[in-house]
Amino acid sequence: PHVVFFLADDLGWGDVGFHGSEIKTPQIDRLAAAGARLEQFYVQPVCSPTRAALLTGRNPHAVGMACITEFANGERNSRGGMRSEAGTVADYLRAAGYSTAAIGKWHLTPMTEMSPAAPSTHWPTGRGFDHFYGFMGGETNPWAPELFRDRERLKLPPTRADGSPLHSEVDLTDRAISFIGEQRATNPRQPFFLYLAFSAGHAPHQAPPEYLEKWRGKFDRGWDIAREETLARQKQLGLVPADTVLPPRNPGVKAWADLPADERRLYARYYETFAAFVEHTDAQFGRLLDYLDRAGLADNTLLVVASDNGASPEGGPEGMWNEVRLFTTDSFDEAADGLKHVSDFGSSRAYPTYPTGWTMAGNTPFRRTKGTTHEGGSRVPLLMRWPARIAADTTVRSQFHDVVDLLPTILEAAGTTAPKSLDGRVQPPLAGTSMAYTWREPAAPSRRTTQYVEIYGHRAIYENGWKAVTNHAPGTPFANDTWELYDLAHDWNETRDLAKTQPEKLAELLAAWEREAKAHDVYPLDDRRGARELLLQIGRAHV
C-alpha cells in the first residue's frame, strides 16, 4: 500500500468529533467510520520523544530523545537528535522501494545543527526522506512560517496570488498533494510514504476569519459544562463505560462560575480560536483525502491518524495572547493584557494559546495534561484506514498499544521488515509490536502488555491493565515521590487510587518500572526543565 501518516499536535483525546468533542472534525471523523480505531493508544507526553518513537519503533530514551530537542542535556538518552544507528520507518520503506516525503513539523534536530550548513545526520533528508518541506522547530507562526525545502531555508513565507498571507496548513496540504501527484506522474508503479505533521492544535492558534466567526459565542458556558457535555456524548457513543465520572479539576484550574465576567469572555474567545484552528486544519486534511479519492489511490492507501500528546497546559491559568512569553522571564497580567488584544486572536497580530481550564476540557475524561504521565498527557486518538484490507466498521478496539508499535504495523502492511543492517549500521532491536492483527480481530487480546513513560522526572508504568504513576516535583529527591496505583480495566480514567490498599500490586509495578527503565536507557532521570528553560531564555536574549 501507499502510506500516509497524519500527525496532529497537542490534540487531546476529547478534542475530536468522534470522541464527543463539540469541535467539528468531519474529515477525521469520516475515517473513524471507515477503518480501525484503537481507543487505548498511548504516546509520549511531549512531541519530540513521540516523534522519535513513531519514526524509529524504539523507545525515545533508547534513541537519545528523552525530552524535546531544546532541553537535551548531553546524556546518552538526551542528545537532541535520534541516534544515527537507529533507522527510521522512512529508511526501511525507502529500502523496500518506496518514495518518501516529510511535510510539516520535524522537531528532531539538535539546536546546534539547526542550520543548512550543519551535517544532514538529524535532518529529514538524512533520516530516510527523499524530500522535506516544513519547519524544523517545535512550533511556527501559521501566518508567517519559517520553512525549509529539503535543506534550504526559504527567505519568504508563502503567499496567495494577491500577496496576502497563506495559512501554513493550506500550504503544507498543497505540498503534500503536489508530492503525491508528481510522484505518480513520473513513476506510477512506485508506492509512496508521506509523513504529514501539521501544527494544529499547537500554539499559536490562528485561523482564517470565516472559521473564527463560526465559533463566536459557542463556548460562553465555560470549561466545566463543556467537559460534562463531552463526557455525556462519549457515553452515548459507547467510548467510555457508563459509570465513568470526571476526576477533580486539574491543579490551578478555577471553577468557571467563579471567574469575573471579563475573564469568562476572554477565556471563551481563546477556545473559540483553538476550535477554528482545528476545524480549519481538518478541512485541509479533507482536501488530501479528496485528492486520494479523485486519483484512485484511496483503496490501497494505509492512512494513520494520531496526535503527538495530550492537550497543552502551556497557556497557564489565564492563557496567553502572545505565547512567546512562555520563554521570557518577565511577568505580565495575562488576563488584562489578553483583553486588550482579544479582537486580534486568530490573526497575524496575536500568538495565542488557551488557559488550562480548556486543556482539562480537551482531555476529557482524563486527568492532567501534556507534559505529565497521567492519562491526559499520553492517551490520544488513533485511526487506521486501508479499504483494501481493513473492513469499514465502528468497532471500538480496546487493545493496549503504544506509539512504538506504529513502525512495525506499517512495515507489516508494506510486506517488509526492519533489516539487521542498514548502510553498514547494525540496527538496534525494535521495541514495537505490530497492531495489524487488530484489523482482522477487533476483540483479540492485546499483544502488548507493558509500557513505561517518563518525562522531566514524571514516571508511569502500564502492565496488564494496571498503571502506577507519579507526578514529580522538580528539585526534590526522586525517592520521595508518591506513587499512585490504578486498575484501568475497572477505573478507566484514574479516579480511584489503590496504592494504599494494594501495596503488593504497587510493588510489582514498580519492579516492572525499574526493569523497563534499565532496559531502555531511561536513567539518569533529569527534572531540570525549569533550569533548561532559563538557559534557553538567556541564550535567546544573547542572540
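Tutor: Look at helix 7 (residues 261-294) and helix 8 (residues 334-341), which pack at an angle of about 65 degrees with their axes 10 Å apart. That makes helix 7 roughly perpendicular to helix 8 (the term covers angles of 65 to 115 degrees). Axes here are lines fitted to C-alpha atoms, for helices over the stretch in contact, and angles run from 0 to 180 degrees between N-to-C directions. Helices are DSSP runs of H or I with at least four residues, numbered from the N terminus.

This is a predicted model: local features need pLDDT of at least 70, side-chain atom pairs count only at pLDDT 80 or more, and totals for chains, interfaces and linings use all residues. Residues are numbered from 1 along each chain as its sequence is written, and side-chain values use heavy atoms, leaving out hydrogens and water.

Now the handedness. The crossing of helix 7 and helix 8 is left-handed: the near helix is turned anticlockwise from the far one by less than a right angle.

Next, the residues in contact (heavy atoms within 4.5 Å). Helix 7 brings Asp262, Glu263, Arg265, Leu266, Tyr267 and Tyr270. Helix 8 meets them with Glu334, Ala335, Gly338 and Leu339. The residues of this contact divide into 5 nonpolar, 1 polar and 4 charged. Asp, Glu, Lys and Arg count as charged; Ala, Val, Leu, Ile, Met, Phe, Trp, Tyr, Cys and Pro as nonpolar; the others, Gly among them, as polar.

For contrast, see helix 2 (residues 47-56). Just after helix 2, Gly57 takes a positive phi of about 70 degrees.

Methods. Helices (H or I, at least four residues) and strands (E, at least two) are DSSP runs, numbered from the N terminus. Angles under 35 degrees count as roughly parallel, over 145 as roughly antiparallel, 65 to 115 as roughly perpendicular and the rest as oblique.
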